[in-house]
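Colleague: I would like to go through some of the labels used for this model. Please give me the cut-off behind each one.

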Amino acid sequence: QVQLVESGGGLVQPGGSLRLSCAASGSIFRLNVMGWYRQAPGKQRALVATIRSDGYTNYEDSVKGRFTISRDNAKNTVYLQMNSLKPDDTAVYYCHLDQRPWIPESRDYWGQGTQVTVSV
């Protein structure tokens, strides 16, 4: 089993910054992809950014140039640096880990979510 624990959410004014962290523990294969998804009220959960264990990254278009995803493989931790935050970024942010591309019989895992609110 794998556990994901997120931290770093909160309330910030438009134009401000926040840094989210997600620490993974348990039975983690060295090859995996970690990422962040978000779910705003009344909307479906959607991709924000992902990063593979080899460092390859992928971003949703609306966050490109504002958000940066990174990871520390030694600590099994993924980060999301969010700059120039907008009210539309308000959502619950979920950490995700997936090993299935390398271990098909595995599963993916989700964190409990952390609230990010961008408001004056």
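Colleague: What makes the pair Arg38 and Ser62 a polar contact?

Modeller: The side chains of Arg38 and Ser62 are joined at 3.4 Å. A polar contact is a pair of N or O atoms within 3.5 Å; within protein, one must be able to donate a hydrogen and the other to accept it, and residues adjacent in sequence count only if both atoms are side-chain atoms. The value of 3.4 Å is within 3.5 Å, so the label applies. Arg38 also has a polar contact of 2.9 Å with the side chain of Asp89.

Colleague: What does the model itself rest on?

Modeller: It is a predicted model, in which local features need pLDDT of at least 70 and side-chain atom pairs count only at pLDDT 80 or more, while totals for chains, interfaces and linings use all residues. Residues are numbered from 1 along each chain as its sequence is written, and side-chain values use heavy atoms, with hydrogens and water left out.

Colleague: Where do Asp89 and Arg38 lie in the chain?

Modeller: Asp89 is in the loop between strand 8 (77-82) and strand 9 (91-98), Arg38 is in strand 4, and the two are 51 residues apart. Strands (E, at least two residues) are DSSP runs, numbered from the N terminus.

Colleague: What about Glu60, and how accessible is this residue?

Modeller: Arg38 forms a salt bridge with Glu60, with the closest N and O atoms 4.0 Å apart. Glu60 has 27% relative accessibility, so Glu60 counts as partly exposed.

Colleague: What makes these pairs one network?

Modeller: Asp89 also forms a salt bridge with Arg66, at 2.8 Å between the closest N and O atoms. Salt bridges that share partners join Arg38, Glu60, Arg66 and Asp89 into one network.

Conventions. Salt bridge = Lys/Arg side-chain N within 4 Å of Asp/Glu carboxyl O. Buried < 20%, exposed > 50% of the residue type's maximum accessible area, 1.4 Å probe, protein only. Helix = DSSP H or I, 4+ residues; strand = E, 2+ residues; numbered from the N terminus.
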